[in-house]
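Here is a short briefing to read with the model open beside you. Take it in any order you like, one topic at a time.

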Amino acid sequence: MSDTWTAAADIDEIAPGQMKRVEISGIRILLANAEGEYYAVSDTCSHEDASLYLGCLEGDRIKCSLHGARFSLKTGEALDEPADEPIATYAVKIEDNRIWIKNP
């Protein structure tokens with residue numbers, strides 16, 4: 001695993017309840033502001049390879065727009081069927097008013 005961090009966005013780019021899709025090292029990552037906490041997870045649903053960016057935030061969960069599967073933004077755990085596999089999560093830190101994601 002890399003010890004490199006990438007600046008993904010300024011903190012004021014993503015208001016609470018909003019998301020941004022970024023690509024780091026060729027991997028699509030969903031950056032979300034859930035009630036003031038920032039999370040970075042895989043942008044791809046583990047059930048049908050759909051973009052989670054098209055879904056909606058529900059507290060600290062992301063709901064896939066394709067079949068309604070929900071995932072924890074904290075752990076990546078699949079919380080609802082039809083998904084039964086977790087999604088990847090990535091470490092996030094805030095420095096100098098920027099959101100940094102640890103490279104995959």
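Which residue in S10 does isoleucine 94 stand opposite? The answer is isoleucine 99. Please keep in mind that this is a predicted model.

**Overall picture**

- Read along the sequence, the pattern is β-β-β-β-β-β-β-β-β-β.
- The radius of gyration is 13 Å, close to the 13 Å that the globule rule gives for 104 residues, so the protein is as compact as a globular protein of that length.
- The C-alpha trace spans about 40 × 30 × 20 Å along its principal axes.
- Buried residues make up 38% of the 104 in the protein.
- Take the contacts between residues at least 6 apart in sequence: 44% of them join residues at least 24 apart.

**The sheet of S1, S10 and S9**

- An open sheet is built from 3 strands in the order S1-S10-S9, with antiparallel pairing.
- Strand S1 (5-10) and strand S9 (92-95) each have a single partner strand and stand at the edges, so one side of each is left without a neighbour in the sheet.
- From one strand to the next, the twist averages 35°.

- S9 and strand S10 (residues 98-102) run antiparallel and are joined by 4 bridges.
- Besides the isoleucine 94 and isoleucine 99 pair, valine 92 stands opposite isoleucine 101 in S10.
- The two strands form a hairpin with 2 residues between them.
- In the turn, aspartate 96 has a positive phi of about 55°.

**Alanine 9, in the sheet**

- Alanine 9 belongs to strand S1.
- Is alanine 9 buried or exposed? Its relative accessibility is 1%, under the 20% cut-off, so alanine 9 counts as buried.
- Leaving aside neighbours within four places in sequence, alanine 9 is in contact with Ile14, Lys20, Leu31, Arg98 and Ile99. Ile99 is the residue that isoleucine 94 stands opposite.
- Valine 22 is 13 residues from alanine 9 in sequence, and their C-alpha atoms are 8.8 Å apart in space.

**Alanine 34, in strand S3**

- Strand S3 (residues 27-34) contains alanine 34.
- Alanine 34 has a relative accessible area of 5% and is buried.
- Its contacts, leaving aside neighbours within four places in sequence, are with Tyr39, Gly59, Asp60 and Leu73.
- Alanine 34 and threonine 89 are 55 residues apart along the chain, with 14 Å between their C-alpha atoms.

**Serine 51, in a loop**

- Where does serine 51 sit? Serine 51 is in the loop between strand S4 (37-42) and strand S5 (56-58).
- With a relative accessible area of 11%, serine 51 is buried.
- Leaving aside neighbours within four places in sequence, serine 51 is in contact with Arg21, Arg28 and Asp43.
- With arginine 21, the side chains make a polar contact at 2.9 Å.

How values were computed: Residues numbered from 1 in each chain as written. Predicted model: local features only at pLDDT ≥ 70, side-chain atom pairs only at ≥ 80, totals over all residues. Heavy atoms only, no water. Pairing = 2+ DSSP bridges. Axes fitted to C-alpha atoms, helices over the stretch in contact; angles between N-to-C directions. Rg over C-alpha atoms; globule rule 2.2 N^0.38 Å. Buried < 20%, exposed > 50% of the residue type's maximum accessible area, 1.4 Å probe, protein only. Contact = heavy atoms within 4.5 Å. Polar contact = N/O pair within 3.5 Å; in protein donor to acceptor, adjacent residues only side chain to side chain.
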